[in-house]
Amino acid sequence: MITTKDVEHMGWLSRLKIEEEKLEGYAGQLNSVLDYFGQLDEVDTEGVEPTYHVLEMNNVFREDEITECLTQTLAIGNAPKTQDGFFKAPRIV
Amino acid sequence: MHLKPRTAFSRPPGSYEVNVLITISRTIKAINDSSAVEVVEQCLERIENSTYNAIIKVTRDEAIKATRKLNGGPLAGVPIAIKDNISTKGMETTCGSRILSGYVPPYDAHVIERLKAAGAIIVGKANMDEFAMGTSTETSYYGPTLNPWDPECVPGGSSGGSAATVAAGEVPLALGSDTGGSVRCPASYCGVVGLKPTYGVISRYGLISYANSLEQIGPIASNVEDMTLLFNVIAGHDPRDSTSLPGEKNYTKALVNDVKGLKIGVPKEYFGEGTDPAVERSVWEAVHTLESLGASWKEVEMPHTKYALAAYYVIAMSEASSNLARFDGMRYGLRLEKDHDWHTTYSEIRAAGFGEEVKRRILLGTYALSAGYMDKYYLKALKVRTLVKQDFERALKDNDVLIAPTMPAPAFKLGEKISDPLTLYLADVNTVPINLAGVPSISLPCGFSDGLPIGLQIMGRHFDEETIIRTAYTFEQNTDFHTREVA
């Protein structure tokens, strides 16, 4: 059961500001989906390994060679705010 | 040779010739008869005059420029629409979201590099559900796409723009992406052909991730041959995607009109409650058509199908909550005028930039991955995924392909399901198991119900696209659903 407090907490964890008056609406919608997820409990998964990846691939390695990459100008070309060729972020502390 | 959707609602009469360029072979003939520039120009006009909102960004200047510089290739001068979550260098790529409005990728996706090398001409970016999260293309920030067969209906999703523009006869080819049915669902609803390849066959480099362990880029066209020609161009190894598999194949060799000796499995779980009787009838008729051509069939059991939908949504939402964390407004995309501290700024940008469905999935995905719930939801879903995958392995041990409806019912009306997320999710019941298992699957038209197309789904073994292409091609060559006109 997801409470409005849970929604607020998930919003904080995922950096998604949720308006106070919308908390209840989200809680209702999320709970109906979560109830549906509850049917997974019916499945006996004793001894079943999880599938993270459908193909049996292990780590893929390549030679550590220098190749071309984006220029600094291109890399920051989409940034809404920049300064001296850097991304400009708000203060953190 | 082509689909002719009903025309009463949209086309200014006499403004262009309908359907002349809808296949690759017709397009190439038209190029030889006139010129590539003329053909591309006509295609751009069709898109610009369209009322379906299938293309949200027409790339006119780039298209004309590229056509003037053509240098051969198997798709030389053939127009194509690209789903808006596939990065196109110098062309705005938004994922149907406000948060990426104005974003212009500085590089091409692997599939775009391949298309350009083959001479294909990108004429526009196709509408989609925001971040590919949806079954109806109604969650796009740029407005819904309409179904050309009935503009009161949805085109399916999330690659609704890609399928609708092909169905409308605007463009012969399009690329979509399929995370839980997002190529096959709109192909089914719009009466065109779409393929979800085996996971790893097409590089995801440049595809903006939603749920990376499930998704593949997929080709869409008006017939099996064109879909295969497009697939052949875009499939192949790319070292920049660590899940991309080595090797190249020539898939066009599978375009063989022969199913003698083919063994078909029909999973009864795919005809569950809520299956439209017309859909059930059309799919069985398709099985019997293939039987009359030399194939045999038997019913098979895939007992975990029932749980695939819940497992899919848990995994997809969990992966989405992680993949979409990168949208912070610092490096690209929406940034609000006023900055506060880091966390507040970040939270406000994301609140303003993402739509409701994306927010719901991020919130639930975060919940499913959070301390105390991870084992109950995420890990459990991954175990159920193993069981779903084993269902496929068992069913495809003695059978070459599996056949079922792509969607339980034809396209629904705009606005009919969007207000209740769970109802909309339930429409994906027959498409999501395929992504969990990573197997390939095609949807192609096999009938109509009240003027709306019905999709036939043909699933195969890992890396055996050839057999499902051959089955689809044989069905198509011996039926006329892909040529059917709707009054």
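Six of the six residues of strand 6 of chain B are buried, so this strand is largely enclosed by the rest of the structure. The model is a predicted one. Chain B has 15 helices and 11 strands, and its radius of gyration of 21 Å is close to the 23 Å that the globule rule gives for 487 residues, so chain B is as compact as a globular protein of that length. Chain B also touches chain A, in a contact that takes 53 residues from chain B and 43 residues from chain A.

- Strand 6 of chain B is covered on both faces. B:Gln216, B:Gly218 and B:Ile220 are buried on one side, and B:Ile217, B:Pro219 and B:Ala221 are buried on the other.
- Strand 4 of chain B runs antiparallel to strand 6 of chain B, and six bridges join the two. In this pairing B:Leu175 stands opposite B:Pro219.
- Strand 5 of chain B is also antiparallel to strand 6 of chain B, with two bridges between them. Here B:Gly194 stands opposite B:Ile220.
- Helix 7 of chain B, residues 224-234, lies across strand 4 (173-178), strand 5 (193-196), strand 6 (216-221) and strand 10 (441-449) of chain B. Helix 7 runs at about 145 degrees to strand 6 of chain B.

**The sheet as a whole**

- The 11 strands of an open sheet in chain B follow the order 1-3-2-4-6-5-10-11-9-7-8, and their pairing is mixed.
- Strand 1 (55-58) and strand 8 (296-300) of chain B are at the edges; each has a single partner strand, so one side of each is left without a neighbour in the sheet.
- On average, and with direction ignored, neighbouring strands of this sheet are turned by 30 degrees against each other.
- The partner of strand 8 of chain B is strand 7 of chain B, residues 263-267, and the two pair in the parallel sense over five bridges. B:Lys263 stands opposite B:Ser296 in strand 8 of chain B.
- Helix 2 of chain B, residues 36-49, packs on the sheet and touches strand 1, strand 2 (79-83) and strand 3 (121-126) of chain B. The direction of helix 2 makes about 10 degrees with that of strand 3 of chain B.

**Overall form and core**

- Taken along the principal axes, the C-alpha atoms of chain B fill a box of roughly 70 × 55 × 45 Å.
- Of the 487 residues of chain B, 61% count as buried.
- Among contacts in chain B between residues at least 6 apart in sequence, 75% join residues at least 24 apart.
- In soluble globular proteins, nonpolar side chains tend to be buried together.
- The largest nonpolar core has 162 residues, and the members that touch the most others are B:Ile80, B:Val123, B:Ile220, B:Ala311 and B:Val314. Helix 9 of chain B, residues 305-323, gives the largest share of this core, 12 residues.
- Beyond its neighbours within four places in sequence, B:Val123 has contacts that include B:Val40, B:Cys43, B:Leu44 and B:Ile47, as well as B:Val58, B:Pro79, B:Ile80 and B:Val171.

**The side of chain B that touches chain A**

- Helix 9, helix 10 (342-353), helix 11 (356-369), helix 12 (374-395) and helix 13 (421-426) of chain B each supply at least two residues of this side.
- Helix 12 of chain B gives the most to this side, with 11 residues.
- By class, the side of chain B that touches chain A has 27 nonpolar, 14 polar and 12 charged residues.

- B:Ile469 is found in helix 15 of chain B. B:Ile469 has 28 C-beta neighbours inside 10 Å and therefore counts as buried.
- Not counting residues up to four places away in sequence, B:Ile469 touches B:Val224, B:Thr228, B:Tyr251, B:Ala254 and B:Leu255.
- B:Asn478 lies in the segment after helix 15 (465-477) of chain B. With 13 C-beta neighbours inside 10 Å, B:Asn478 counts as partly exposed.
- Leaving out residues up to four places away in sequence, B:Asn478 touches B:Thr289 and B:Leu293.
- B:Asn478 and B:Leu290 are 188 residues apart in sequence, and their C-alpha atoms are 9.0 Å apart in space.

Methods. Residues are numbered from 1 along each chain as its sequence is written. Chains are lettered from A and ligands numbered from 1 in the order in which they are written. This is a predicted model: local features need pLDDT of at least 70, side-chain atom pairs count only at pLDDT 80 or more; totals for chains, interfaces and linings use all residues. A nonpolar core is a set of buried Ala, Val, Leu, Ile, Met, Phe, Trp, Tyr and Cys residues joined through C-beta atoms within 7 Å. A residue is buried if 20 or more other C-beta atoms lie within 10 Å of its own, exposed if 12 or fewer, and partly exposed in between; C-beta atoms are placed from the backbone. Helices (H or I, at least four residues) and strands (E, at least two) are DSSP runs, numbered from the N terminus. Two residues are in contact if their C-beta atoms, placed from the backbone, lie within 7 Å. Two strands pair if DSSP finds at least two bridges between them. Axes are lines fitted to C-alpha atoms, for helices over the stretch in contact, and angles run from 0 to 180 degrees between N-to-C directions. The radius of gyration is taken over C-alpha atoms; the globule rule is 2.2 Å times the number of residues to the power 0.38. Ala, Val, Leu, Ile, Met, Phe, Trp, Tyr, Cys and Pro count as nonpolar, Asp, Glu, Lys and Arg as charged, and the others, Gly among them, as polar.
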